[in-house]
Structure formats: C-alpha cells, structure tokens
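Here's a quick briefing on charged pairs and a strand pairing. Have the structure open as you read.

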Amino acid sequence: MRWLLNKLAIKPLCRWQKRAFAFGAVLIAMGACIFVTLLVYPHIALDAEKSNLTSLTADIKNGEYVYHLSGCAACHTSLGNGAKAAAGGKRIKTPFGTLLSSNITPDETFGIGDWSITEFERAMRKGISPDGYFYYPAFPYTTYARMSDQDIVDLKAYIDAGIAPAAENVKEKTLPFPFSIRSGLGIWNIFYADDDNIVPTSDGEASPELRRGAYLVEALGHCGECHTPRDALGGILRDKWMYGVEIGEFNPAPSLLNSPDALGDWTREDWRRFLKVGLLPDGNHTGGEMALVVDEITSKLSDEDADAMTVYFQSLRGGDER
C-alpha cells in the first residue's frame with residue numbers, strides 16, 4: 001500500500017514542465033475565448049468572407065418571382081385588412097413559443113432598406129442580422145442557404161424597388177428561457193445548419209427538370225420545413241425527409257412521399273391542379289395554412305416550374321428507396 005501511495009504521489013514540476021503547463025493552459029484559454037466569441041458574435045468571422053454578389057447584375061423581374069416562390073409575402077405580411085405588404089407582424093407559432101415576423105420592406109429605419117447585399121445574403125443563408133445576432137430558425141435560413149447567388153441578388157433588388165417602404169416598428173418577441181439565449185443558436189447551427197442538397201439521385205444522374213424541381217422545393221419553397229418531422233431541438237430529421245408530421249404533433253402536415261400510403265396515386269395533372277389552384281384529387285380545395293401557401297407561392301409558378309416540382313415530388317420515396 002505504501003508503495004502504491006509513493007507511486008501516485010505528485011512530484012514537484014521542474015522548470016520546463018511548469019513552462020509547458022503554463023503555455024498549454026494559455027492556449028486552451030485563448031481557444032475557449034475565441035470559440036465563445038465566434039458563437040456570440042459570428043459576424044466577426046463572416047466579415048472576413050469574400051463575396052462576389054456585388055459583381056452580379058440584378059434582374060428585378062426574376063426577383064419578384066423569387067419573392068413569391070420563397071414565401072416572403074406569406075410570412076412577412078400580417079393577416080387582416082389594411083396590412084402592408086412585407087411590413088411584418090404576422091404571428092408565427094413554434095413549439096418553443098410565438099414570434100412575430102419582421103419588417104422586410106425597404107424602409108431604412110424599421111425595414112431592410114439600409115442593408116447591403118452582403119448583409120442580406122448573410123441573413124438569408126446564415127441567419128445572422130447586420131448587428132451580429134442570430135435569427136430564430138422559424139426564419140428558414142437553413143433552407144435558404146441553398147439559394148443561388150443570382151436569386152439572392154435579384155430578390156434584394158426587387159424588395160428595394162418593388163415593395164413600398166413601411167415605417168412599421170415590429171417589436172421583437174423573445175422566447176421563454178432558455179430559448180431566449182440567442183447565442184445558443186450558434187451551437188444549434190453547428191448541428192442543423194447545412195446546405196446539403198437532398199435531390200434524389202438513386203436512379204442515376206438527375207435530369208435538369210428534376211434538379212430544377214429540387215431547387216424550387218428545397219431552396220425556395222422550403223416545403224420540407226413543414227412536411228418533415230423534427231427532433232426535440234427543432235432540427236429537421238433528414239432521414240425522414242417529407243415523411244409528414246402526424247396528427248397530434250405540432251403543426252401536423254401530410255406526407256409528400258410518392259408511396260401507396262401517401263400520394264403515390266396522384267397523377268401529374270393532380271399535382272398541377274393542386275399547385276396552381278389548391279384543388280385536391282377528390283374535388284375539395286386545400287385549407288388552413290396550405291391555402292395561403294397556394295395563394296402566395298405555388299399559384300405563382302410558371303407552367304415549366306410547376307411541372308418540375310411535380311417531377312420532384314413524384315421522385316420521392318421512403319427510406320432507402322429515396
């Protein structure tokens with residue numbers, strides 16, 4: 001026993017060991033400080049990123065199309081008569097509390113009129129405001145991360161030129177503790193924010209029409225935000241893509257899989273009518289939030305893009321078949 005105690009006894013460190021220990025402690029402390037700083041103030045690192053967005057020529061007409069297909073009006077315009085387009089204030093319910101959509105008109109005080117294209121892109125793809133704080137992922141930046149540079153430039157140009165400025169001050173709502181700690185979203189983003197494409201390629205190289213449909217669904221239309229189950233922290237379960245959310249869960253939504261127990265019996269014409277006017281195969285019209293999606297988003301689709309979305313939806317399978 002005495003022998004063991006002697007072996008375990010901590011001997012005094014020599015000079016070089018003390019220096020090595022002190023140096024290692026300083027490195028660990030510096031690394032921890034940098035990590036925490038980047039979580040709390042992520043724009044410090046992002047400011048160093050170079051962007052070629054300023055070199056692109058904006059197409060305002062395409063920007064208007066992107067504005068509708070990405071659901072800007074549907075989320076950022078409050079319900080009711082007299083609501084100003086894109087002025088915010090719409091209540092958005094989440095499993096963690098209720099938020100209010102922000103003012104995205106080109107008003108320079110209460111909207112995004114004084115945002116640079118780089119700041120706009122950072123918000124759309126990273127979920128980070130010009131002031132460096134995180135947006136809650138009720139704003140689907142994890143999906144918009146897949147948007148093309150050109151569409152982002154065009155969208156900003158349309159908002160600046162085509163939407164009337166509205167001096168509407170939408171007071172930000174804070175979620176209950178601990179979800180009110182926005183810096184924690186930096187850790188959330190590490191696990192859930194990515195720009196992986198989910199376009200199915202199991203049958204070989206995807207066709208241009210299928211890839212266009214995937215872009216419309218996965219990047220602009222953000223259909224997976226509602227039609228894919230989430231885990232306890234609100235992250236999308238990628239292995240359950242478009243499986244639907246069961247009745248009794250928060251924000252239930254049907255499966256969009258092309259399988260016998262979901263929408264496998266929908267024809268291309270069924271999909272076309274649904275996307276354009278919200279007409280279901282049984283002759284009824286869709287209701288609730290989906291009616292707003294049809295009105296504000298899918299009804300604006302060109303015939304070619306409606307076909308592309310149909311091809312994408314009919315390509316979806318379950319499990320390993322997808």
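## Strands and salt bridges

Ile92 sits across from Leu99 of strand S2. Keep in mind that this is a predicted model.

**The hairpin**

- Strand S1 covers residues 91–94 and strand S2 covers residues 97–100, and the two run antiparallel to each other, paired over 4 bridges.
- How many residues lie between S1 and S2 in the hairpin? There are 2 residues between them.
- As a general point, side chains in a regular strand alternate between the two faces of the sheet.

- Opposite charges on side chains can pair up when the charged atoms come close.
- Glu121 and Arg125 make a salt bridge, with 3.1 Å between the closest N and O atoms.
- Why are these two about one helical turn apart? Glu121 and Arg125 are separated by about one turn because they are 4 residues apart in helix H6, which spans residues 117–126.
- Are Glu121 and Arg125 buried or exposed? Glu121 is buried, and Arg125 is buried too.

- Arg272 forms a salt bridge with Asp303, and their closest N and O atoms are 3.2 Å apart.
- Arg272 has a relative accessibility of 22%, so it counts as partly exposed.
- Asp303 counts as partly exposed as well, because its relative accessibility is 40%.
- Asp303 also meets Lys276 in a salt bridge, at 3.5 Å from N to O.
- Since Lys276 is in helix H12 and Asp303 is in helix H14, that pair ties together parts 27 residues apart in sequence.
- Lys276 is partly exposed, with 23% relative accessible area.

**To recap**

Definitions and conventions. Residues numbered from 1 in each chain as written. Predicted model: local features only at pLDDT ≥ 70, side-chain atom pairs only at ≥ 80, totals over all residues. Heavy atoms only, no water. Salt bridge = Lys/Arg side-chain N within 4 Å of Asp/Glu carboxyl O. Buried < 20%, exposed > 50% of the residue type's maximum accessible area, 1.4 Å probe, protein only. Pairing = 2+ DSSP bridges.
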